Amino acid sequence: MLAEIITIGDEILIGQIVDTNSAWMGKKLNEIGISVKQITSVSDNQLHILAALKEASQRADIILITGGLGPTKDDITKHTLCTYFGAKLVVNAAALANVEEIFARLNRPLLDVNIKQAELPDNCQAIQNNNGTAPGMWFEQDERIYISMPGVPHEMMGMMETSILPRLHQQLSLPVIVHKTLLTAGIGESFLAKQIESVEDALPTHIKLAYLPKLGQVRLRLSGIGPNKEILQQEIQHYADQIKALITKNLITEVDEPLEHVLLEKLKAQHKTLSTAESCTGGYIAHLLTAIPGSSEAFEGGVVSYSYTMKEKMLGVSAATLQQYGAVSEQTVAEMLTGALNNFGTDYAIACSGIAGPGGGTTDKPVGTVWIGVANKHQQYIKKYSFGDKRQQNIERTAAFALMMLYKLLQEKN
């Protein structure tokens, strides 16, 4: 079964909001055996929406539509669907009762424009909205299923989870889709592909391998489709084991989790703690760590020591070191590591100092020059990197390489 997602709204096309709905829907559909073939975004224009619906019907079995169901004049999805399906709007009793109940509970007057939200095409089945006033719509035509939902994420998610996904699963004969992810680091995508070429060439047609690169890391995702989940899982694990045997030095984990999550789990398992001393990354490393639930069990915190003064006061970096070698130096990062370990009382520390850009570079230290260090009470590793001239990429690369360096240090400990 193939699905297509159509998101409606000028706000998506002009970049005013980011379309997070499609990614969430794609994941949930995949879990029940439905593959998303295409995601299309269209403007609040009836001709554009009609064209998108017609094209989607030629590619997909299930068409999911979000957006354009609000009470204002720029929300035209219902009228467009009436045109597409040759229907007329009628008041839906259940939808009206839901709108009335919501406004009564909020003690707000019910306006005509709100009542109109209970009007639906007469040839659709209403989908209850437990989180808002705009009902969803379910159409079936020419062996295709069309589902229209609000664009508000929590309203769409509520409908999907309580009504739409269970109904699709019950109504359709769906295959099983299984994924297996291996996270690698320290090897480029092309070198990785060459290393596992023999396994990839031997994959059966119902199992695919995808490469998902990300600044020093590559995720390998094996995806299979078939009628039996247990057999498919065994097949995919068989090929995953073959790949693992070829990439032992670069394999981080076979769980689909980011590197920072893997690091925190290792630290927790060893009952160890971590602190950070950041300069050019401005707290980005700490942000990545604290975005993981439960990070406080291992991550104590850190400092953004941007200026010389902060490096001296917060981390004990000597003024002489800063004057002689500068902030972007091996010597300064070494003292930042020592200061973090001593001042914060942690078992491990990460430190970095560099020139993120776009300005601030010199002949000796051009933009993109970064020193990164990791340490525990007994070992200290510091390395110089030369990245590019893009500020955000330099920040993200520094964080990625710092986490990889810490991972290697933790591996040595084991």
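1. In the largest pocket, the lining divides into eight nonpolar, six polar and seven charged residues. Here Ala, Val, Leu, Ile, Met, Phe, Trp, Tyr, Cys and Pro count as nonpolar, Asp, Glu, Lys and Arg as charged, and the others, Gly among them, as polar. This is a predicted model, in which local features need pLDDT of at least 70 and side-chain atom pairs count only at pLDDT 80 or more, while totals for chains, interfaces and linings use all residues. Residues are numbered from 1 along each chain as its sequence is written, and side-chain values use heavy atoms, with hydrogens and water left out.

2. The largest pocket holds about 600 Å³ of space. Its lining has 21 residues, and Asn30, Glu31, Ile177, Val178 and His179 are the closest to its centre. A pocket is an open set of points on a 1 Å grid over the protein atoms alone, with protein on both sides within 12 Å along at least five of seven lines; lining residues have an atom within 4 Å of a point. Points are joined across faces, edges and corners, and a volume is the space filled by probe spheres set on them.

3. Strand 9 gives the most to the lining of the largest pocket, six residues. Helix 2 (21-31), strand 9 (176-185), strand 11 (217-226) and helix 10 (229-246) each supply at least two. Helices (H or I, at least four residues) and strands (E, at least two) are DSSP runs numbered from the N terminus.

4. The second largest pocket has a volume of about 390 Å³. Of its 27 lining residues, Glu11, Gly67, Gly68, Gly151 and Val152 lie nearest the centre. Strand 1 (2-8), helix 1 (10-13) and helix 7 (153-171) are the elements that give two or more residues to this lining. By class, the lining has 10 nonpolar, 11 polar and six charged residues.

5. There is one cavity of 30 Å³ or more, a cavity being a set of points where a 1.4 Å probe fits but cannot get out. Leu69, Lys78, Gln117, Leu120, Ala134 and Pro135 line the largest cavity.

6. The largest nonpolar core has 35 residues, of which Leu259, Leu274, Ile285, Ile350, Ile372, Leu403 and Leu406 touch the most other members. Such a core is a set of buried Ala, Val, Leu, Ile, Met, Phe, Trp, Tyr and Cys residues joined through side-chain atoms within 4.5 Å. Buried means under 20% relative accessible area (1.4 Å probe, protein chains only). Helix 16 supplies the largest share of this core, 10 residues. Another core, of 22 residues, lies apart from it and includes Trp24, Leu29, Ile32 and Met159.

7. Helix 2 has Asn21, Ser22, Trp24, Met25, Gly26, Leu29 and Asn30 as its buried residues. These pack against strand 1, strand 2 (35-42), strand 3 (62-66), strand 8 (144-149), helix 7 and strand 9. After helix 2 comes Gly33, with a positive phi near 95 degrees.

8. Thr346 sits in the loop between helix 15 (330-344) and strand 15 (348-354). Thr346 counts as buried because its relative accessibility is 0%. The side chains of Thr346 and Ser275 are joined by a polar contact of 2.8 Å; the term covers a pair of N or O atoms within 3.5 Å, where, within protein, one must be able to donate a hydrogen and the other to accept it, and residues adjacent in sequence count only if both atoms are side-chain atoms.

Note on methods
Buried < 20%, exposed > 50% of the residue type's maximum accessible area, 1.4 Å probe, protein only. Contact = heavy atoms within 4.5 Å.
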